[in-house]
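Here are a few friendly notes to read alongside the structure. Have it open as you go through the points.

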Amino acid sequence: MARTVRTTVALALPVALAATALSYSAPEAKADTPAFLVGTGQHDITGAVAETGTFGFVANQDVEGLHQRLYSHAYVIADPATGKRIVYVSADTATIFPAHKAAVIQALTAKYGNKYTDANVMLTGTHTHVGNSGMSQDMLYQIAGNDTSAYGWDKRNFQAVVGGIVRSIEQADARVAPANLSLANGDLLGATPNRSLDVDWRIRTGTPAGTYRLQQLGDWKSGWTGKVSPYVGTSAPFTVS
């Protein structure tokens, strides 16, 4: 009798990431004294919802309405003993470009002086592909961001993201209060399901016992260049007993 085994095939997709590392040593906390000052903020960064493109996998993906709004989440963390502080921002956008960082720092400097600088502000994106495009000064991303209205650069989207990030940091700065931070370690299971595929395989009767992996070989075509390239999909290991 044939048996059915369900496994997950992981698809390897090339993704380029860039980040700036912040180094900080936490002060030693007393039992009854919060170790940090922490503030949080959130602000809308949704750009245009029509006649513009999305940061999708190919060019000419036009926005045709609004499903959910996008936000910037900001965290200010300060050492009450030294006054040193850092800012961490997680924004619902595909990525953070140098143009974003430069514009945010310029706005913060105008309001706070040297309180927030390039050295203590980290901006990150959640890498969503359903947010707006047209926000990079790099030619490659301007080509990828083209849509039927010919926007490779869309000032509306750029200003929406930069302005929302700045507003979220301003909120976090105004809400700083004593707090403690904790770090949790563990396994994150079932994450990034959009990068994998559940497949049911029928295992023939009489298959030797052991641990197996399944591989699928195929080709994919780039929506940008039209180039056809091979790919390999490899399953998680499973046991036949």
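**Notes on strands and helices**

1. Let's start with strand E2 (residues 36-44) and strand E8 (residues 177-179): the two run antiparallel and are joined by three bridges. To find this pairing on screen, look for Val38, which stands opposite Ala177 in E8. Please bear in mind throughout that this is a predicted model.

2. E2 also pairs with strand E5 (residues 71-78), again in an antiparallel arrangement, and here eight bridges join the two. A handy landmark is Thr40, whose bridge partner in E5 is Tyr75. As background, side chains in a regular strand alternate between the two faces of the sheet.

3. Next, have a look at Ser168, which sits in helix H3 (residues 155-174). Is Ser168 buried or exposed? Its relative accessible area is 0%, so Ser168 counts as buried, the cut-off for that being under 20%. The side chain of Ser168 makes a polar contact of 2.9 Å with the side chain of Ser72. Beyond its neighbours within four places in sequence, Ser168 touches Gly41, Gln42, His43, Ser72 and Ala74.

4. Finally, the helix pair. Helix H1 (residues 98-112) packs against H3 at an angle of about 45°, and their axes are 10 Å apart. H1 is therefore oblique to H3, and the crossing of H1 and H3 is right-handed.

5. Which residues meet where H1 and H3 pack? From H1 they include Ala99, Ala103, Val104, Ala107 and Leu108, and from H3 they include Phe158, Val161, Val162, Ile165 and Ile169. Also among them are His100, Lys111 and Tyr112 in H1, together with Glu170 and Asp173 in H3.

How values were computed. Residues are numbered from 1 along each chain as its sequence is written. This is a predicted model: local features need pLDDT of at least 70, side-chain atom pairs count only at pLDDT 80 or more; totals for chains, interfaces and linings use all residues. Side-chain values use heavy atoms; hydrogens and water are left out. Helices (H or I, at least four residues) and strands (E, at least two) are DSSP runs, numbered from the N terminus. Buried means under 20% relative accessible area, exposed over 50%, partly exposed in between (1.4 Å probe, protein chains only). A polar contact is a pair of N or O atoms within 3.5 Å; within protein, one must be able to donate a hydrogen and the other to accept it, and residues adjacent in sequence count only if both atoms are side-chain atoms. Contact means heavy atoms within 4.5 Å. Two strands pair if DSSP finds at least two bridges between them. Axes are lines fitted to C-alpha atoms, for helices over the stretch in contact, and angles run from 0 to 180 degrees between N-to-C directions. Angles under 35 degrees count as roughly parallel, over 145 as roughly antiparallel, 65 to 115 as roughly perpendicular and the rest as oblique. A crossing is left-handed if the near helix is turned anticlockwise from the far one by less than a right angle, and right-handed if clockwise.
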